[in-house]
Amino acid sequence: MVLAIDIGTTTCKAALFDRSGNLQQLAKVPVAIHSDSNGVQETAPRYWSAAVGTLCDELQAKGTVRSVVVSGNGPTVVPVFAEPTLFDGLLHAQTGMARLWLDRRAVAEAAEISQVTGSFVDASFVLPQVLHLSRTEPATYAKTRAFLSSCEYVNYLLTGEVRAILHADDALRWYWTDTVLEHFGLDKDKFPEFCRPGDLVGTVTAPASQALGLPQGIPVFAAGPDFLVSILGCAVVEPGMVCDRSGTSEGINLCTRTPMDDDRLMTYLHPVKPFYNISGIISTSGKAIGWAKSLLGMDRLPFDDMYAAMAKAPAGSGGLVFLPYLTGERSPLWDPDAKGVFSGLTLSSGRESLLRAVAEGVCLAMRDVITVMEELGGKVEALRITGGPSESSFLNQLKADVTGRPVAVPLIGDAELVGSMVIARTALGDYPSFADAARHLVTIGETYEPDAALGGLYADLFGRYRATYRNLRETWRKQV
């Protein structure tokens, strides 16, 4: 068995996979987030500690686990104060609050770092977050032994080893270098040594074994951020293939033969050599849909009821356009001042149309990323969808209709867990490469074809979507 754990933004998950790649058991635990109007988006790492304990309690056959591999939301910054300890059955390390990738407090620091490095850095990335913390919470910064991501923190609990995972060899500009740390007066000792996906982090310690019921001494392999492992969990291992990792946010990842030098997108080496991954990250996709669900009085109802309500509205939502920029936007705008917008409201706009407009807005944001990819010479053939929203047939069909691309759904929807399993099986020597493991272990289920009759309607809506942002962006900057 391989145990894969994913520390999501709002949900922690764990799965046991057998040697054939079959999912033997899946467990999920929700995680709370603290937010405020000042841009704070945090969670307490103790929640992750408790979630990992609960997940392992629920899983059977833990004694047969050969290895553990952990992925997580990112970039997320955890200031770690102390070594892991076992107290009242909980395996935990004392920390400060974890700053999630949604947090927007480090905009000024991101601009400073971008100017110094000559490469665009977003406020959500590790270095701006740490620099902001050092200036606004000096006591926390001084107390910190190491800054870790969500999955790196869990690896630390399991092994006692402090490692940072560099998701691609050419992605260092989105992390840190000694030169940049020195320039900003940051302590190099607080930034861990890098390892790569598939590297051995360490082995399960005696306290971790006692707390979680895992065999002591089994290897813990590095996986990395969820956007990376999802690529392997969808078996997106050939040029033209796209992984759409849907959840709180949305990650559009295109496999190409050549890089794209454009700051609107992120380009780095694909986990499968010799290809490149072209990445566009949408800040609030599932988060926007969940926000609308709650806002319109459906928070106690199942998501299926909400999607059924959306289906009652006509395609195009009666002319409504929604911009899903509820925490600013990342790709392709990289605009922290961007705001959410409903455009085209009338007295006839009902709940169903509002709900559908939000879902269509998320799909239009996806189309925006895909359009930029193709403007730069990329070829997007089909989308492989993963994450909780991929369980909705309505949303899968909507994504196909709005983007004009076929949408395929893997049989196991939690691609973060599957991708971690692919990494572990390769690290264990069961497969010669990530690509071979992914091709063998990932199975595609249903495919949704775009409705050609809706092509013109969504092309017009996309034009309005882009124009709405262009017409409003300067007004948002004046408010700051």
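Trainee: Which residue in strand 19 is the bridge partner of Met266?
Mentor: Ser279. Keep in mind that this is a predicted model.
Trainee: OK. How many bridges join strand 18 to strand 19, and do they run parallel or antiparallel?
Mentor: There are 4 bridges, and the two strands run antiparallel. Strand 19 covers residues 276-282.
Trainee: What's the strand order in the sheet they belong to?
Mentor: The order is 18-19-17-16-22-23-24, an open sheet of 7 strands with mixed pairing. Strand 18 (266-269) and strand 24 (444-448) are its edge strands, each pairing on one side only. On average, neighbouring strands there are turned by 25 degrees against each other, ignoring direction.
Trainee: Switching topic: what about the open sheet of 6 strands, what's the order there?
Mentor: That one goes 3-2-1-6-15-14, with mixed pairing.
Trainee: How many bridges join strand 2 to strand 3?
Mentor: 7 bridges, with strand 2 (residues 11-17) and strand 3 running antiparallel. Lys13 stands opposite Lys28 in strand 3.
Trainee: Which strands does helix 1 touch when it packs on the sheet?
Mentor: Helix 1 (residues 45-58) touches strand 1 (2-7), strand 2 and strand 3, and its direction makes about 145 degrees with that of strand 3. Helix 13 (residues 415-427) packs on the sheet too, touching strands including strand 6 (67-72) and strand 15 (219-225).

Conventions
Residues are numbered from 1 along each chain as its sequence is written. This is a predicted model: local features need pLDDT of at least 70, side-chain atom pairs count only at pLDDT 80 or more; totals for chains, interfaces and linings use all residues. Side-chain values use heavy atoms; hydrogens and water are left out. Two strands pair if DSSP finds at least two bridges between them. Axes are lines fitted to C-alpha atoms, for helices over the stretch in contact, and angles run from 0 to 180 degrees between N-to-C directions. Contact means heavy atoms within 4.5 Å.
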